[in-house]
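Let's take a look at this one together. Have the sequence and the 3D view open while you read.

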Amino acid sequence: MEYIDILLSANFWAAAIRIATPLIFGVLGALVCERAGVLNLGIEGIFVVGAMCGWMAVWLGAGLWGGVLIAALAGAFFGLLHGILTVPLGLSQHVSGLGITMFATSVSYFAYRTALPDVSSPPRIEAFQPLDIPVLSELPFIGPALFQQTPMTFLALALVLLVSYMLYRTPLGLAIRAVGDNPSAVEAQGLPVFALRIGAIMAGSALMALGGAFLTMSAFDAFFFGMINGRGWICIALVVFASWRPGKALLGALLFGAFDAFQIRLQNEVGAVIPSQVFLMIPYLLSIVALVLVARKADYPRALLQPYFRGQR
Amino acid sequence: MIRFEPRSNVSSLFSLAPPVIAGITALVLAAIPIAAAGGEVFAAYGHIFKGAFGSKFVLSELLARATPLIFTGLAVSVAFRARLWNIGAEGQLYVGALAAVAIGSGAVSAPAYIMIPLIILAGMIAGGTLMLVPTLLKTRLGADEVVTTLLLNFVVLLFVQMMLEGPMKDPMGMGWPQSEPLTRAATLPRMFARMRIHWGLVIALVSALIIYIMMKRSVWGFEIRATGENVSAAKHAGIPVTSTFIKVGLISGGLAGLAGVSEVAGLKGYLTADISPGFGYTGVVVAMLAGLSPVGVVVASIFIAAVFVGADSMSRAMGVSSYIADLVVALSLICVLVSSLFVRFKIRFARPKKTPPVVKGEA
């Protein structure tokens with residue numbers, strides 16, 4: 001019964017959480033944008049930007065938390081661009097998002113190639129190391145499974161609480177949710193619809209960039225072309241699965257991480273019989289299944305995808 | 001305070017402005033990264049232009065590069081017309097190519113006049129069938145097709161890799177993951193000796209013509225446009241919206257599949273997992289630059305191909321990374337989106353007027 005053995009190993013759960021971390025950032029980011037009524041398909045490219053900028057800042061000597069900050073700022077910048085295109089200009093959120101993804105990706109690749117014209121192996125940085133929390137990390141099973149993670153994982157978990165608190169317990173959160181449901185009502189309250197939406201997109205994009213930064217600064221210690229590999233799109237599917245709630249988003253990301261970690265271990269067991277590509281397809285198929293399962297009863301923010309023009313209705 | 005006023009009857013000449021402005025703006029903006037990378041800006045533009053149009057040879061290269069973009073651009077524009085957001089042309093291209101090599105590399109032997117139509121049909125059926133999945137998930141289950149088509153691209157690429165490393169691997173391929181070569185009868189001939197331009201281009205142009213006629217003159221075209229303008233109005237008018245989506249999905253996927261057939265049968269001769277450097281995604285840019293018109297797709301494909309071929313040659317000459325081409329392509333997508341505003345709206349700069357409080361629409 002090697003399957004049970006897999007599930008009972010602390011190592012497996014540690015890997016599940018590690019795989020989930022970038023998705024937690026990404027899903028939270030997409031959630032904040034969509035709660036304000038704007039779909040952000042720039043996510044895939046913003047992941048690339050976060051990964052590249054965070055890594056390069058550290059490589060140039062900014063320090064790890066400096067890198068995290070720079071990644072977030074770079075993400076917010078592309079969020080601002082998406083915000084200007086989709087909110088005051090009211091352009092197609094689908095096409096603008098794809099444009100942002102292409103733009104952000106090509107800028108990152110171009111900058112990386114310009115800074116490092118020909119390197120055969122990408123330079124490495126001193127990445128975040130797993131924390132050693134005095135008592136908790138030494139607990140049997142739970143210690144290695146939950147508490148030997150890098151600081152960015154704890155940051156992701158803290159952000160789930162923070163975003164959740166912000167959305168449901170603060171006037172700002174109420175305004176953001178309202179602007180994604182009924183912007184004219186928000187306008188009638190005298191609140192700035194455009195500023196709220198653009199602000200939410202910038203904050204969401206900064207979160208997405210952190211997901212990318214986690215990959216180059218915690219999971220790996222270098223930047224590779226094509227390393228994001230659809231993680232952004234997976235987050236867009238997971239947001240629907242999580243019905244736009246931070247708690248469920250965390251659950252969805254963890255579930256996804258567990259499946260992925262399980263699949264990797266399964267591959268080691270039966271890899272000789274089944275081609276590795278079958279396993280590598282699982283995350284994408286799983287995301288499609290997750291989307292299909294909830295699609296019919298999905299409670300989309302009511303003004304999602306709808307541009308708002310002042311005094312129009 | 002800026003106000004947008006919708007323009008009524010836009011002249012067709014005026015509607016040509018946004019893509020032209022967008023292309024020029026994107027090229028001009030590219031000066032910034034070129035300069036940042038230490039390149040001589042004017043010399044760089046010279047290299048790009050000469051690299052794209054400078055000789056008979058590069059012109060052939062340019063048209064060979066434009067060929068798959070015409071197919072994927074058409075695929076995206078047909079789908080976007082109906083507001084079916086097919087971002088999966090990349091995956092559909094690969095299954096099309098896979099179907100072509102499955103049939104054309106010895107499994108069936110027949111003369112060229114049978115083989116060529118056969119692999120074309122196979123590629124179109126493969127691409128169309130692949131697009132049928134997200135289309136049905138949309139119409140039956142309400143799953144957003146943007147996400148499903150995007151995710152399927154990754155699944156398909158892995159599937160192609162699996163086939164090329166497994167059952168379809170060329171035993172004579174020196175261990176490389178590639179398919180067996182297409183037979184001579186299943187190869188699209190080159191148009192001129194020693195040049196890469198091939199008859200796939202003619203098929204692409206004919207496809208553009210067919211799509212043009214279909215969209216302008218046929219009931220299908222009318223139904224597709226009506227569905228894209230307003231789904232609920234189309235439903236009320238008795239247009240079978242669901243079957244229109246399915247038709248659009250099949251046509252769009254089929255066209256993208258053709259891109260794959262044309263690449264393997266016209267250029268490469270066998271299939272590898274890196275046959276497309278993102279032709280499917282670039283198809284979105286082509287379609288938007290074209291304003292979703294089939295004739296525009298041909299022109300936009302040539303522009304985008306010129307950027308890629310020209311930037312490649314500039315990159316070799318000056319050492320500026322060839323990712324500059326992707327950057328120009330991305331910028332032209334964003335620019336065309338913005339400049340389309342000028343056609344759809346008159347932009348008025350005016351003092352803010354007191355807006356009456358909005359009462360309606362409280363929920």
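This is a predicted model: local features need pLDDT of at least 70, side-chain atom pairs count only at pLDDT 80 or more; totals for chains, interfaces and linings use all residues.

**Where the chains meet**

Start with how chain A and chain B touch: 50 residues of chain A are in contact with 50 residues of chain B. The size of an interface is often given as the accessible area lost when the parts come together. Here are the values for this pair of chains:

| Feature between chain A and chain B | Value |
|---|---|
| Buried area | about 4300 Å² |
| Part of the buried area from carbon and sulfur atoms | 82% |
| Salt bridges | 0 salt bridges |
| Polar contacts, both at pLDDT 80 or more | 2 residue pairs |

On the side of chain A that touches chain B, at least two residues come from each of α5 (93-115), α9 (183-188), α11 (231-241) and α13 (276-295) of chain A. The largest share belongs to α5(A), with 14 residues. Sort the residues of that side by type and you get 32 nonpolar, 12 polar and 6 charged.

**A histidine in chain B**

Now hop over to B:His198, which sits in the loop between α7 (145-165) and α8 (200-217) of chain B. Is B:His198 buried or exposed? B:His198 counts as buried because its relative accessible area is 1%, and the cut-off for buried is under 20%.

So who are the neighbours? Leaving out residues up to four places away in sequence, B:His198 touches several residues, including B:Thr67, B:Arg190, B:Met191 and B:Ser262.

Terms used. Residues are numbered from 1 along each chain as its sequence is written. Chains are lettered from A and ligands numbered from 1 in the order in which they are written. Side-chain values use heavy atoms; hydrogens and water are left out. Helices (H or I, at least four residues) and strands (E, at least two) are DSSP runs, numbered from the N terminus. Buried means under 20% relative accessible area, exposed over 50%, partly exposed in between (1.4 Å probe, protein chains only). Contact means heavy atoms within 4.5 Å. Buried area is the accessible area (1.4 Å probe) that two parts lose on being put together, summed over both. A salt bridge is a side-chain nitrogen of Lys or Arg within 4 Å of a carboxyl oxygen of Asp or Glu. A polar contact is a pair of N or O atoms within 3.5 Å; within protein, one must be able to donate a hydrogen and the other to accept it, and residues adjacent in sequence count only if both atoms are side-chain atoms. Ala, Val, Leu, Ile, Met, Phe, Trp, Tyr, Cys and Pro count as nonpolar, Asp, Glu, Lys and Arg as charged, and the others, Gly among them, as polar.
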